Amino acid sequence: MNADIVICADHDQAVRAAAEEMVLGARDAVARDGSASIALSGGATPRAFHRLLGQSPFAVEMPWEQIHLFWVDERLVSYDHPDSNFGAARRDFIDALHRRPAGIHPIPVGGKPPEMAQRYEQALRRHFRSPGAPAPTFDLVFLGLGTDGHTASLLPGSAALKEPQRWAVAVKGGQPDLWRVSMTAILLNRARRIVVLATGAAKADIVQRVLVGPFSPGLPVQAVKLETGRTLWLLDRASASNLPPTPPAAESGRSGS
Ligand code: 6PG
């Protein structure tokens with residue numbers, strides 16, 4: 001698998017490692033291209049990571065004025081609703097920033113799901129400046145992992161998993177069970193780098209199934225395979241507890257496997 005696995009001591013260290021990845025990835029992209037396009041996930045796991053982004057040293061180290069922020073998926077509720085991914089990010093760090101990002105691109109939520117997906121796709125294609133933009137698109141994508149193997153709002157059995165062309169689709173389901181808009185695997189796979197952040201004992205079984213098997217076909221996260229580049233799995237000891245023993249150097253360090 002084209003992946004590196006880092007096992008951190010605990011959730012706090014894993015979210016710190018995610019914030020460090022964000023700063024490194026953003027700075028590299030800005031040095032190379034003058035700006036960075038980054039997509040964030042929702043759910044509970046990244047909340048502490050997002051809070052770090054609004055605090056020193058990360059808030060200071062990030063080249064915010066050159067950053068375009070996007071969301072991998074969104075629940076179709078108002079941004080003030082507790083289930084809104086963008087709303088959570090706004091409360092967790094965006095409102096605290098002293099320097100405004102170059103672009104903040106939440107998924108539109110105020111209308112019918114397929115229309116919201118279409119509008120988001122148009123915004124993405126405009127941002128990447130070509131209807132058939134070549135890979136890579138995002139410099140950095142942060143994903144989460146559900147205990148059923150979903151990532152973004154690509155749910156098991158969903159038609160969105162087989163989507164051959166669209167960059168964003170409307171999906172119904174998940175926890176909470178809502179209409180959502182999600183980026184598709186074909187877009188996610190065109191990123192330069194993906195970081196999957198999965199911590200806690202509840203994720204241990206699914207992390208094992210995805211990273212060492214026995215593999216079961218149809219796990220949505222397995223549709224995420226970068227065209228170029230590597231995926232970094234940021235785990236903690238609890239979520240990695242079913243993985244085979246790792247050499248000590250791979251524990252809470254930056255080494256891959
Ligand atoms: C969402 C997410 C989703 C999430 C996983 C893990 O909006 O629901 O983007 O893919 O990352 O469900 O969620 P937890 O971090 O809450 O376990």
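Residues are numbered from 1 along each chain as its sequence is written, and side-chain values use heavy atoms, with hydrogens and water left out. In this predicted model, local features need pLDDT of at least 70 and side-chain atom pairs count only at pLDDT 80 or more, while totals for chains, interfaces and linings use all residues.

**Stop 1: the ligand**

Now look for polar contacts, pairs of N or O atoms within 3.5 Å. Which part of T45 has an N or O atom 2.4 Å from a ligand oxygen? The side chain of T45 does. At A44, a polar backbone atom is 2.8 Å from a ligand oxygen. At G42, a polar backbone atom is 3.2 Å from one. The protein covers 86% of the 420 Å² of accessible area that the ligand has on its own (Shrake-Rupley method, 1.4 Å probe).

**Stop 2: the largest pocket**

Hide the ligand. The space it took is the largest pocket; a molecule sits in a pocket if more than half of its atoms lie within 2 Å of the pocket's grid points. A pocket is an open set of points on a 1 Å grid over the protein atoms alone, where a 1.4 Å probe fits, with protein on both sides within 12 Å along at least five of seven lines. Lining residues have an atom within 4 Å of a point.

This pocket has 28 lining residues. G42, G43, L145, G146 and H150 lie nearest its centre. Show β4 (73-75), β6 (140-143) and β9 (194-198): each gives two or more residues to the lining. Strands are DSSP runs of E, at least two residues long, and helices are runs of H or I, at least four.

**Stop 3: backbone spots**

Go to A152, in the loop between β6 and β7 (168-173). A152 is not a glycine, yet its phi is positive, about 50°. Next, select S56 and P57, joined by a cis peptide bond with omega about 5°. P57 is in the loop between α2 (47-53) and α3 (58-61).

Methods:
Polar contact = N/O pair within 3.5 Å; in protein donor to acceptor, adjacent residues only side chain to side chain.
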